[in-house]
Amino acid sequence: MKKLITIAAAGAALALALSGCSAHAAPASGGDGGGKAIDELVVGFAQVGAESGWRTANSKDIQASFEEAGIELKFSDAQQKQENQIKAIRSYIQQRVDYIAFSPVVETGWDAVLNEAKAAGIPVILTDRAVDSKDESLYVTFLGSDFVEEGRKAGQWAVTEFADADSVKIVQLEGTTGSAPAIDRAEGFAEVIGEDDKFEVVASQTGDFTRAGGRQVMEALLKSQPEIDLVYAHNDDMGLGAIEAIEAAGKVPGKDIKIVTVDAVKDGMQALADGKINFIVECSPLLGAQLVDIVKTLNDGGEVEKRIVTEETTFTQEQAIEALPDRKY
Ligand code: GZL
């Protein structure tokens, strides 16, 4: 996992990164520093899809941020297919955009198209998800969450919640197979619960980050697993699907079967407030303002850190009840 820079607030993160104060990964600059007038800049964004409440909020925030900044944004939705994202990136190269930003649906298979962008002199910014490329010159920076830490936080909650239990049977609803959040959230969670043999992951399957996927997998596991104490869902949407399946099976979610999820989108926070989810680890989709700042900095010939991590929190039921009225997404 790359050296991470975790800074108190997103704004501070960028300010610190831009000032070059942090001694971590070497700052990077994109292209020849453009120097274009803001209203001449064109950015191409290749989005994963519209699979979850998180993704919808992420897309809205990015589009609104570029609208507000007066920077033209070309936007594409890949319906969670890597080949569509690659097509979109190639199209942005053809159109000679000034910058390309995207959230890689999976970690692998990007070197060829990123080398094409590099050859065209178009800087690439990774948002939300990482690529596993060994060639770090293929992108200027990776702006997004630390998913391993998110998994650890879910594991730490489980350790506390089940402190008095002798055995904890866990079902894990994984995100999109091969995606950075699915790989890393599983890694962080396993690292923490692996300290105590009483925790046993009895089944782990992908629900592809969708509500329907979470429901279908949970329906099957409720039939095949004699005992389930906890569901760890890699996002709220799959957790919400699991709730539907658990209730259809005549059990009480949050009581008979506890649920911990990641994201903290409004529907998830409502389920937490209602006691159907027991704990949520936040993963902020609001990356638009930071992405605009990165583009402006690079256009002015400035440098940004190779890795920018936005600080996130966690929510209990009481905290969700308090936070809901002001929740932006
Ligand atoms: C995480 C993001 C994940 C969310 C899901 O940064 O990539 O993808 O956790 C979304 O809700 O589908």
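## The loop between α3 and β4

Q95 is found in the loop that joins α3 to β4. At 38% relative accessibility, Q95 counts as partly exposed, a class that lies between buried (under 20% relative accessible area) and exposed (over 50%), as calculated with a 1.4 Å probe on protein chains only. Q95 and G44 are 51 residues apart in sequence, and their C-alpha atoms are 9.2 Å apart in space.

R96 lies in this loop too, between α3 (82-94) and β4 (99-102). With a relative accessibility of 52%, R96 counts as exposed. R96 is not a glycine, yet its phi is positive, at about 55 degrees. Most residues other than glycine have a negative phi.

## Basis of the model

This is a predicted model, in which local features need pLDDT of at least 70 and side-chain atom pairs count only at pLDDT 80 or more, while totals for chains, interfaces and linings use all residues. Residues are numbered from 1 along each chain as its sequence is written, and side-chain values use heavy atoms, with hydrogens and water left out.

## The chain as a whole

The chain contains eleven helices and 13 strands; these are DSSP runs, numbered from the N terminus, with helices (H or I) of at least four residues and strands (E) of at least two. Of the 329 residues in the chain, 56% are buried. The chain exposes about 13400 Å², of which carbon and sulfur atoms supply 48%; the areas come from the Shrake-Rupley method with a 1.4 Å probe.

Contact means heavy atoms within 4.5 Å. Among contacts between residues at least 6 apart in sequence, 76% join residues at least 24 apart.

## Packing of α3 against α4

Two packed helices are described by the angle between their axes and the distance between the axes. Here the axes are lines fitted to C-alpha atoms over the stretch in contact, and angles run from 0 to 180 degrees between N-to-C directions. The axes of α3 and α4 (residues 111-119) come within 10 Å and cross at roughly 10 degrees. That makes α3 roughly parallel to α4, given that angles under 35 degrees count as roughly parallel, over 145 as roughly antiparallel, 65 to 115 as roughly perpendicular and the rest as oblique.

I86, I89, R90 and I93 of α3 make the contact with V113, E116 and A117 of α4. These residues divide into five nonpolar, no polar and two charged. In this scheme Ala, Val, Leu, Ile, Met, Phe, Trp, Tyr, Cys and Pro count as nonpolar, Asp, Glu, Lys and Arg as charged, and the others, Gly among them, as polar.

## Packing around α8

Helix α7 (residues 211-224) packs with α8 at an angle of about 40 degrees, with their axes 7 Å apart. The two helices α7 and α8 are therefore oblique to each other. The contact includes R211, M218 and L222 of α7 and M238, L240 and I246 of α8. By class, the residues of the contact of α7 with α8 comprise seven nonpolar, two polar and five charged.

Helix α8 (residues 236-248) also packs with α9 (residues 266-273), their axes coming within 9 Å and crossing at roughly 50 degrees. Accordingly, α8 and α9 are oblique to each other. D236, L240 and I243 in α8 meet D267, G268 and A271 in α9. The contact of α8 with α9 has three nonpolar, one polar and two charged residues.

A264 is placed in the loop between β10 (258-263) and α9. A264 is not a glycine but has a positive phi of about 75 degrees. At 0% relative accessibility, A264 counts as buried.
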